[in-house]
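Here is a friendly tour of a model that you can follow on screen. Please have the sequence and the structure open side by side.

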Amino acid sequence: MDRDKAKHTIWQHPWGYPESVAIVIGIVIVGFLLQLTIGSFNFYFLTSPVNLIIVSIIVLLCSLSTFFFKNKFVQWFSGVSFSVTLILTLLALCIIMGLTPQNPQLTPHETHNVFIRLGFDQMTHSWAFILVYFATVLSLGSLIARRLRVFNIRDYGFYMNHLGLWVVFVATGFGYADMERYIMHVSEGSTEWRVYDHEGNVKELPIAIQLNDFDMEEYPPKLTVINRQTGEPQPVGKADYYQIDTKSRDGILFGWNIHLEEYIHQAVRSSDSTYKEVPMPGATPAARIIATNKKTGEQKSGWVCGGNQAQLYMTLPIEENFTIVMTQTEPKRFISDVVVYTPDGTTAEALIEVNKPLQIGSWSVYQYGYDNAAGRLSSYSSFELVYDPWKNGVYLGFLLIALGTVAMIWNGKAIRKKYEQKNKLKQN
Amino acid sequence: MIDWNNFLWFALPASACWLTAGSLIYSKKSKLKALSHIIMLAGIAIFSAFIIGFWISSERPPMRTMGETRLWYSFFLALVGYIAFLRWKYAWLLSFSSVVAVVFVMINILKPEIHSKNLMPALQSPWFVPHVVSYILSYAMLGAATIASIIQLRIIGKGKNSDKAIFELTDNLVYVGFGFLVLGMLMGAVWAKEAWGHYWEWDPKETWAFITTLGYLAYIHIRLQHKKHERLALWLLPLSFILLLITWIGVNYLPSAQGSVHVY
């Protein structure tokens with residue numbers, strides 16, 4: 001055994017780690033040279049049909065492994081040493097990415113900063129990253145193809161994990177260029193089909209959105225004590241807040257015990273400076289409280305209100321320089337009631353909110369924003385429209401990986417090993 | 001009404017139980033050994049009572065702030081440590097997970113990082129709870145695997161052959177931990193797609209999660225060739241755990257993480 005080892009020099013089959021490391025370093029150097037000479041990789045080169053052609057070629061190349069599964073090069077290319085080397089190289093590149101602030105804009109290359117010239121500030125667009133990624137897709141693909149030749153149903157976990165990962169890598173990497181994203185602002189009561197791309201250019205889309213209504217639900221706000229001159233919440237740097245909650249009516253703010261007497265979520269101010277409940281768009285939260293100084297026992301009581309575009313705020317002064325105020329409300333959910341029209345004549349009515357997009361063909365419509373200053377009174381709603389024809393492919397890959405992973409959790413390694421030993425016995 | 005103000009009343013008895021169980025397990029008397037099982041479970045029960053009460057009174061899953069995720073880490077460390085102990089019979093596994101669980105309880109007592117109970121719309125997703133639970137479970141498993149790898153490295157360091165049983169345990173812990181790591185990642189990706197239209201944006205937390213996954217992926221693949229490169233594989237585990245800690249805690253302090261959706 002040892003004599004064999006001594007005889008075995010680099011580049012002599014079977015290849016192992018030395019050859020893998022040398023080749024992957026070579027790939028990375030080629031990537032750096034390409035980066036220095038022609039700049040970042042342009043993903044839009046991969047727009048359909050170019051990506052479809054390349055993926056077909058990859059599938060063809062990988063399936064060669066099915067036929068040449070005993071070839072020593074194929075065994076190395078799809079084997080453990082090459083895959084571990086690729087994984088650790090990706091890991092190293094990603095550590096650089098994780099430490100370097102990533103710059104989403106494409107920068108000109110007249111810089112002397114070697115980090116930027118090598119593409120480290122846009123790692124996922126750098127040639128080194130792309131080439132290692134590409135090599136991983138090829139290696140993984142030929143591994144799957146090679147193992148399909150010696151198919152064994154007991155390796156179901158292996159097939160699902162590896163095939164799923166391959167599908168996800170291909171669909172996200174090569175599908176990236178086919179994705180389109182736009183922002184659309186729609187006023188209440190009107191219909192819109194013009195959108196903005198990420199550079200702010202206006203474009204007309206084949207789909208149109210009619211906004212019937214925009215509504216928003218808010219959480220009860222908080223109370224705090226501010227300095228009337230500076231507006232700073234007290235104590236400075238470590239401010240006290242009382243979260244209004246009708247189930248927990250007592251709190252402590254800056255040395256004052258606060259007791260919540262009454263809370264109205266949708267309140268309107270009356271002429272005598274009290275509040276009553278009126279559910280309407282301009283309503284605002286209001287609270288009637290009693291504040292008691294913990295040391296002196298001095299009491300103050302009255303209404304506090306944060307106000308909005310339609311109503312003034314109201315505070316409760318407790319000391320010469322300090323007053324109790326209500327914070328701005330935080331949104332609980334915002335909902336757009338829409339009708340979406342597509343060119344083939346189908347229409348879809350939907351309530352779109354965060355985490356609940358509307359799916360229509362390869363388009364997804366996301367709740368994106370609203371007039372933040374106006375809050376509930378916003379007269380428009382913004383949507384993000386995403387065109388992603390590869391979505392189903394990615395989800396298929398996710399499903400395969402998830403199933404494979406469950407198999408992994410269930411079986412652990414001990415059981416796998418038993419199968420492997422049995423397989424070896426069979427093969428021998 | 002159960003909130004952080006009551007934490008001490010649950011945390012101290014639970015910690016006392018775990019530490020007692022972690023010590024009694026070494027006892028030679030079988031009665032004391034049996035007692036340690038009951039005490040361990042009592043600690044877990046007391047701690048879960050706090051989590052359940054806290055969940056109910058804050059009207060949302062307690063998984064949003066750093067302090068809240070540490071709560072789950074303590075809980076799962078104790079639970080997973082106990083289950084792994086039942087399966088593999090290593091007393092050190094129980095004491096180790098008890099001690100680390102108590103350390104995280106102490107951090108929560110001294111630095112609770114209390115935040116408001118309002119959940120912003122993007123976090124209101126059915127994926128939120130399984131995403132976080134899956135990660136925390138995985139972190140607990142991989143933490144245990146790290147300790148096992150250090151013990152194995154010391155055995156090899158003394159010039160002995162590696163302990164087969166410890167390697168088996170380590171491999172299984174990594175397989176299960178890695179499985180939950182990947183599930184957490186997939187659920188995060190589906191959630192991101194539903195919320196923002198991207199699966200993956202190379203947000204710093206995502207980048208570091210990917211790095212961590214690659215570390216464990218390399219370990220799994222190296223270990224496929226059983227006898228080869230044992231040392232390299234073993235060193236990868238503490239190293240990957242450091243990467244995991246950067247993902248979990250360190251990212252918040254990185255200059256590259258300004259504006260990340262995962263900084264809280």
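How many Å apart do the C-alpha centres of domain 1 of chain B and domain 2 of chain B lie? They lie 22 Å apart.

## About the model

This is a predicted model, in which local features need pLDDT of at least 70 and side-chain atom pairs count only at pLDDT 80 or more, while totals for chains, interfaces and linings use all residues. Residues are numbered from 1 along each chain as its sequence is written, and chains are lettered from A and ligands numbered from 1 in the order in which they are written.

For chain B, the mean pLDDT (the predictor's confidence in each residue, from 0 to 100) is 87, and 94% of its residues reach 70 or more. The complex as a whole receives an ipTM of 0.85 and a pTM of 0.81 from the predictor.

## Two domains in chain B

Chain B splits into domain 1 (1-114) and domain 2 (126-254), with bounds that come from an automatic or database domain assignment. Where they touch, domain 1 of chain B gives 15 residues and domain 2 of chain B gives 13 residues; here, two residues are in contact if their C-beta atoms, placed from the backbone, lie within 7 Å.

On the domain 1 side, helix H3 (66-88) and helix H4 (91-110) of chain B each supply at least two residues. Helices (H or I, at least four residues) are DSSP runs, numbered from the N terminus. H3(B) brings the largest share, nine residues. By class, this side has twelve nonpolar, three polar and no charged residues. Nonpolar means Ala, Val, Leu, Ile, Met, Phe, Trp, Tyr, Cys and Pro; charged means Asp, Glu, Lys and Arg; the others, Gly among them, are polar.

## Where chain B meets chain A

The contact between the chains takes 42 residues from chain B and 42 residues from chain A. On the chain B side, helix H6 (164-196) and helix H7 (204-222) are the elements that give two or more residues, and H6(B) has the largest share, with 15 residues. That side divides into 26 nonpolar, twelve polar and four charged residues.

## The nonpolar core

A nonpolar core is a set of buried Ala, Val, Leu, Ile, Met, Phe, Trp, Tyr and Cys residues joined through C-beta atoms within 7 Å; buried means that 20 or more other C-beta atoms lie within 10 Å of a residue's own. The largest one has 144 residues, and B:Ala140, B:Met141 and B:Ala218 have the most contacts inside it. H6(B) provides the largest share of this core, 17 residues.

Leaving aside neighbours within four places in sequence, B:Met141 is in contact with B:Val80, B:Leu173, B:Val176, B:Gly177 and B:Phe180.

How values were computed: Buried ≥ 20, exposed ≤ 12 C-beta atoms within 10 Å, placed from the backbone.
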